[in-house]
Amino acid sequence: MNVPDSISAQEIVPGVFMLEVDGLTRLATRSTDPAPVYGERIMGGYRLWDPFRSKLAALLLKSKGQGLRLKRDAKVLYLGAATGTTVSHVSDIVADGLVYAVEFSPRSMRDLIRLCERRKNIIPILADAARPEAYAALVEPVDLVYQDIAQRNQAEIASLNCARYLLFDGELLLMLKTRSVDTIASPEAVLQREKKNLLGLDLIDVIDLLPFHQDHWAMQAKKP
Ligand SMILES: C[S@@+](CC[C@H](N)C(=O)[O-])C[C@H]1O[C@@H](n2cnc3c(N)ncnc32)[C@H](O)[C@@H]1O
């Protein structure tokens, strides 16, 4: 990959940029941390964001930024943080805000804690997202609930967390993996079913994440 002398970047939504690199349009966030988090390329402070590794990057590339309206000081409840790949980019976007990062795998949490030592706006929480009451003492009301967990009851888990933590007018971004809900029914049928299981929320949009992620949809909803 050639690194251009001067980088021309377009901010498509606050904190998210499109760059032209080697004739390709690439997504990026900005970070003051010079160290890569997961081996990503950093060019002039822009961290390239791979849509094949992050469903949020896939959504933003496909929608040209539609689906994410986060202020720099926003608070985010992130369910299914894993080792922090996407969390790190959300942390760049809400540089003056907070990311509450929930993950139930102790092994992933070990890497996530290392990331949190370098990034003070991520709060790691080792917990089951299906039991949102377990982290009530740690989490404030948030502007966005972001969920990326491969569970059978994904919409139910999202609804429970939104009921407890999402501010009115706040948004949910649910990265629905239909094969985790039902391996036999068609992905479209699962999607229609899961729409009905989103309780207390108004669905705004549904975008499939092809060609980056098979049988995944980004469901965007608002708390009325
Ligand atoms: C697809 S990975 C998340 C990838 C991550 N969002 C990213 O883009 O960097 C799903 C993660 O959700 C976690 N997970 C699954 N069910 C969970 C639950 N009920 N509570 C908390 N974490 C859960 C898994 O351990 C796994 O790390």
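**Around Asp 92**

Reply: Let's start in the sheet, where Thr 29 stands opposite Arg 47 of strand 5. Keep in mind that this is a predicted model. Four bridges hold strand 3 (residues 24-30) and strand 5 (residues 46-49) together, and the two run antiparallel. They belong to an open sheet of five strands, ordered 1-2-3-5-4, with antiparallel pairing. Strand 1 (9-13) and strand 4 (42-43) are at the edges with a single partner strand each, so one side of each has no neighbour in the sheet.

Now for the side chain itself. Asp 92 is part of helix 2 (residues 85-93), and that helix lies across strand 2 (16-21), strand 3 and strand 5, at about 140° to strand 5. Asp 92 is buried, because its relative accessible area is 8%, and buried means under 20%. Its side chain makes a polar contact of 2.7 Å with the side chain of Arg 47. Leaving aside residues up to four places away in sequence, Asp 92 touches Thr 29, Arg 30, Ser 31, Arg 47 and Arg 119.

As for the nonpolar side of things, the largest core has 38 residues, and Val 16, Leu 27, Trp 49, Leu 56 and Leu 68 touch the most other members. Helix 1 (residues 55-63) gives the most to this core, six residues. Leu 56 has contacts beyond four places in sequence that include Trp 49, Leu 68, Thr 86 and Val 90.

Methods:
Residues numbered from 1 in each chain as written. Predicted model: local features only at pLDDT ≥ 70, side-chain atom pairs only at ≥ 80, totals over all residues. Heavy atoms only, no water. Buried < 20%, exposed > 50% of the residue type's maximum accessible area, 1.4 Å probe, protein only. Polar contact = N/O pair within 3.5 Å; in protein donor to acceptor, adjacent residues only side chain to side chain. Contact = heavy atoms within 4.5 Å. Core = buried A, V, L, I, M, F, W, Y, C linked by side-chain atoms within 4.5 Å. Pairing = 2+ DSSP bridges. Axes fitted to C-alpha atoms, helices over the stretch in contact; angles between N-to-C directions.
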